[in-house]
Amino acid sequence: MTQKRCLLWDYTNTNNCPGQMDQVNFNGPMHSISNWNAWTPPELKGRAPFRPMIHDAGKLSGNDWAIIQRTQNSIIHFFNEPERNGISTQQAADAWNSQVVALRNQGNKLVSPSCASDDAGHAWIADFMSKVASNPPDYLGMHYYGTDGNAAIQEIQNMHNLYPNQPIIVSEIASTGQDQPSVVGFTVQVVNWMDSTDYVFEYGFFGCMEQLADNFVSPAAQLMNSDGSFTDLMSKLMWDQPMHT
């Protein structure tokens with residue numbers, strides 16, 4: 001079995017439906033969890049590795065940074081779509097070199113910032129990677145949203161060709177198609193390709209939350225219903241390998 005799937009467990013679930021974590025199958029292809037925060041959801045109860053995140057520049061100090069500093073033998077994500085959140089590549093590189101790289105001393109591995117798969121995201125990550133060339137990340141983080149599975153695969157291949165020394169973590173991916181068949185088709189195609197591609201280390205499908213995050217994401221791609229129960233797509237991601245439509 002290939003275990004590359006990371007559950008993107010929204011932080012609101014910890015208050016709204018923590019008991020639903022008991023329904024997650026962590027003995028299949030889904031083997032880790034992230035919540036866009038430094039703190040571990042208490043309902044996880046050690047059942048799977050947690051992937052903490054330094055979400056933005058505000059998390060480089062205070063309680064969130066204290067949690068990160070205590071983290072050991074983990075995979076730590078650094079910055080979520082910084083190019084859309086007013087974080088310059090210089091600011092990010094300075095924080096990387098002065099604070100983040102030292103986290104390796106506790107046995108941690110580090111993920112680059114995950115940018116959107118558009119021109120602004122491509123330009124930002126290229127500049128960042130050049131600025132941290134002396135201390136490069138262990139993994140390349142990236143996001144992908146769209147309707148065409150072939151285009152998603154091509155984007156991941158392109159990023160690998162640009163940064164061949166870093167295995168890829170697709171920290172957010174989902175179909176933005178509005179109908180169930182197209183969403184399932186996209187998911188099945190891309191999942192089966194990523195599971196069989198050595199340089200893709202891990203990936204997380206967006207998103208496991210009761211309410212839509214925004215108008216961009218597709219209701220048909222939700223992994224959780226409004227009552228906290230899991231959708232059919234979530235069940236496929238938890239149990240099926242290879243996936244089938």
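Helices and strands are taken here as DSSP runs, numbered from the N terminus. In this predicted model, Ser-74 lies in the loop that joins α2 (62-69) to β4 (75-78). Ser-74 counts as buried, because its relative accessibility is 10% and the cut-off for burial is under 20%. Its contacts beyond four places in sequence are with Phe-50, Pro-52, Gly-107, Asn-108 and Lys-109.

The protein chain as a whole contains 7 helices and 8 strands. Its radius of gyration is 17 Å, close to the 18 Å that the globule rule gives for 245 residues, so the chain is as compact as a globular protein of that length. The C-alpha trace spans about 45 × 35 × 35 Å along its principal axes. Of the 245 residues, 57% are buried. Contacts were also sorted by distance along the sequence. Among those with a separation of 6 or more, 69% join residues 24 or more positions apart.

The surface was examined next. The protein chain exposes about 10,200 Å². Carbon and sulfur atoms supply 46% of that area. The chain carries 12 positive and 24 negative charges.

Ile-54 illustrates the packing. Leaving aside neighbours within four places in sequence, Ile-54 is in contact with Lys-59, Leu-60, Trp-65, Ile-68 and Ile-76, among others. The list for Ile-54 also includes His-77, Phe-78, Phe-79, Val-100 and Leu-103.

Most residues other than glycine have a negative phi, and most peptide bonds are trans. Two residues depart from the first pattern, as follows. Trp-36 has a positive phi of about 70° and is not a glycine. Trp-36 sits in the loop between β2 (30-34) and β3 (53-54). This residue is buried, because its relative accessible area is 11% and burial is set at under 20%. Lys-45 is found in the loop between β2 and β3. Lys-45 counts as exposed, because its relative accessibility is 61% and the cut-off for exposure is over 50%.

Cis peptide bonds were also found. The bond from Phe-206 to Gly-207 is cis, with omega near -5°. Gly-207 belongs to the loop between β8 (200-205) and α7 (232-239). The bond from Gln-241 to Pro-242 is cis as well, with omega near -5°. Pro-242 is placed in the segment after α7.

Methods. Residues are numbered from 1 along each chain as its sequence is written. This is a predicted model: local features need pLDDT of at least 70, side-chain atom pairs count only at pLDDT 80 or more; totals for chains, interfaces and linings use all residues. Side-chain values use heavy atoms; hydrogens and water are left out. Helices (H or I, at least four residues) and strands (E, at least two) are DSSP runs, numbered from the N terminus. The radius of gyration is taken over C-alpha atoms; the globule rule is 2.2 Å times the number of residues to the power 0.38. Buried means under 20% relative accessible area, exposed over 50%, partly exposed in between (1.4 Å probe, protein chains only). Contact means heavy atoms within 4.5 Å. Accessible areas come from the Shrake-Rupley method with a 1.4 Å probe; for residues, only the protein chains shown count as cover. Lys and Arg count as positive and Asp and Glu as negative; His and the chain ends are not counted. The place of a charge is taken as NZ of Lys, CZ of Arg, CG of Asp or CD of Glu.
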